[in-house]
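I opened a new notebook page for this chain.

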Amino acid sequence: MKGLCILGATGSIGVSTLDVVARHPERYRVVALTGHRRIEDLYRQCLRHRPAYAVVGEEGDAAALQQRLGEAGLDTQVLHGQEGLTTVATLPEVDYVMAAIVGAAGLLPTLAAARAGKRILLANKEALVVSGPVFMEAVREADAELLPIDSEHNAIFQCMPAGYRAGHPPAAVRRILLTASGGPFLDTPLERLPHVTPEQAVAHPKWDMGKKISVDSATMMNKGLEVIEACLLFDLPPERIQVVIHPQSVVHSLVDYDDGSVLAELGNPDMRIPIAYGMAWPERIDSGVEPLDLFDVARLDFREPDFDRFPCLKLAFEAARAGGTAPALLNAANEVAVAAFLERRIPFTAIAEVIAATLDAIPASTAADLDSVLAADAEARRHAESLVAR
């Protein structure tokens with residue numbers, strides 16, 4: 001039986017992970033759950049799965065949750081903050097760490113899990129995007145297992161040669177075709193984009209995700225971050241990554257081989273597929289997802305992305321080519337800009353403008369270690385905040 005720690009248990013990925021766990025109680029034991037501010041959700045999850053540890057953001061919330069769990073007869077130990085996250089991610093009884101905390105907040109515990117040699121089920125792309133080579137070096141040095149959970153990267157991993165491990169150049173692969181739904185504004189007239197509301201931006205046509213990720217999908221920054229992630233996961237330059245808009249979200253991604261073969265992974269748009277694959281790899285287990293009905297799908301469409309419509313995607317490709325701290329600068333500016341948009345402080349189209357201005361103002365440097373990466377992240381946040389405050 002494998003011990004599991006879920007970083008971000010109350011989010012959509014965490015909830016789907018617990019659904020898969022519940023289908024296989026003989027295979028997995030929940031050791032730790034984390035929930036930051038969703039205390040009520042975390043409380044209910046603890047009642048159901050009875051973890052040894054729970055982690056929240058603030059000390060006061062930790063004390064209150066500890067009392068409630070004690071009154072319910074649970075001996076779950078409640079921790080808080082970044083220290084608590086790092087503690088549960090490196091516990092000896094934890095074999096697998098689901099890294100599903102959104103944003104740069106998940107970087108430190110995920111990096112700690114890599115250094116501890118865990119199997120990391122990576123749903124937090126920022127951990128890779130921000131720390132890049134530092135994170136991959138930690139994976140290699142500790143011989144950790146890295147399984148991508150983003151549906152696209154998981155699909156690519158499934159299409160790689162037998163025995164492939166993340167972080168190494170794949171044999172005989174010509175390019176990766178990274179699919180994207182195109183989000184809710186794929187066909188919206190460009191002149192209407194400045195007037196897009198947060199409610200419209202978070203209404204993804206295919207996936208049920210959190211607000212930040214949904215906005216990233218609408219700008220296609222989510223796909224841009226995935227390009228950077230793919231370069232690191234599969235040790236390929238950005239020139240060998242092609243983004244393909246596929247509105248049906250049935251083909252999750254493709255791998256083009258030197259011999260002309262193109263392998264694809266298809267399935268219903270449900271995150272339990274990559275979660276179950278990552279948890280059971282190299283085996284396959286029931287995920288609870290309905291079989292794909294190709295007659296119901298009927299057709300598959302593919303389109304080339306338009307950089308005028310999706311300038312964030314262009315900025316991400318530029319950051320991938322620049323390397324060093326450029327991806328960290330990009331990610332930090334994006335997080336600030338998206339938060340400002342959701343708070344109605346800037347229009348939708350200003351997200352890309354804030355990111356571009358931040359990248360222009362702060363030159364990228366070598367990502368020598370975690371300190372240099374975090375310093376770049378902090379500088380980009382300060383500059384982006386000054387822009388949205390105007």
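The entries below go from the whole chain to single residues.

**Ground rules.** I am working from a predicted model, in which local features need pLDDT of at least 70 and side-chain atom pairs count only at pLDDT 80 or more, while totals for chains, interfaces and linings use all residues. I number residues from 1 along each chain as its sequence is written, and my side-chain values use heavy atoms, with hydrogens and water left out.

**Overall fold.** I found 17 helices and eleven strands in the chain; helices are DSSP runs of H or I with at least four residues, strands are runs of E with at least two, and both are numbered from the N terminus. The radius of gyration is 20 Å, close to the 21 Å that the globule rule gives for 390 residues, so the chain is as compact as a globular protein of that length. That radius is taken over C-alpha atoms, and the rule is 2.2 Å times the number of residues to the power 0.38. I noted a C-alpha trace spanning about 55 × 50 × 40 Å along the principal axes.

Of the 390 residues, 57% are buried, where buried means under 20% relative accessible area, exposed over 50% and partly exposed in between, with a 1.4 Å probe and protein chains only. I also looked at contacts with a separation of 6 or more: residues 24 or more positions apart account for 69% of them. Contact here means heavy atoms within 4.5 Å.

**Charges.** I counted 36 positive and 52 negative side chains, and the centres of the two sets lie 2 Å apart. Lys and Arg count as positive and Asp and Glu as negative, leaving out His and the chain ends; each charge is placed at NZ of Lys, CZ of Arg, CG of Asp or CD of Glu.

Glu126 sits in helix 6, residues 125-131, and is buried at 5% relative accessible area. Gly210 falls in the loop between helix 9 (198-201) and helix 10 (211-219); with 34%, Gly210 is partly exposed.

**His24.** I placed His24 in the loop between helix 1 (12-23) and strand 2 (28-36). His24 counts as buried, at 8% relative accessibility. What does His24 touch, not counting residues up to four places away in sequence? I found Ile285 and Asp286. The C-alpha atoms of His24 and Ser287 are separated by 9.4 Å, though these residues are 263 apart along the chain.
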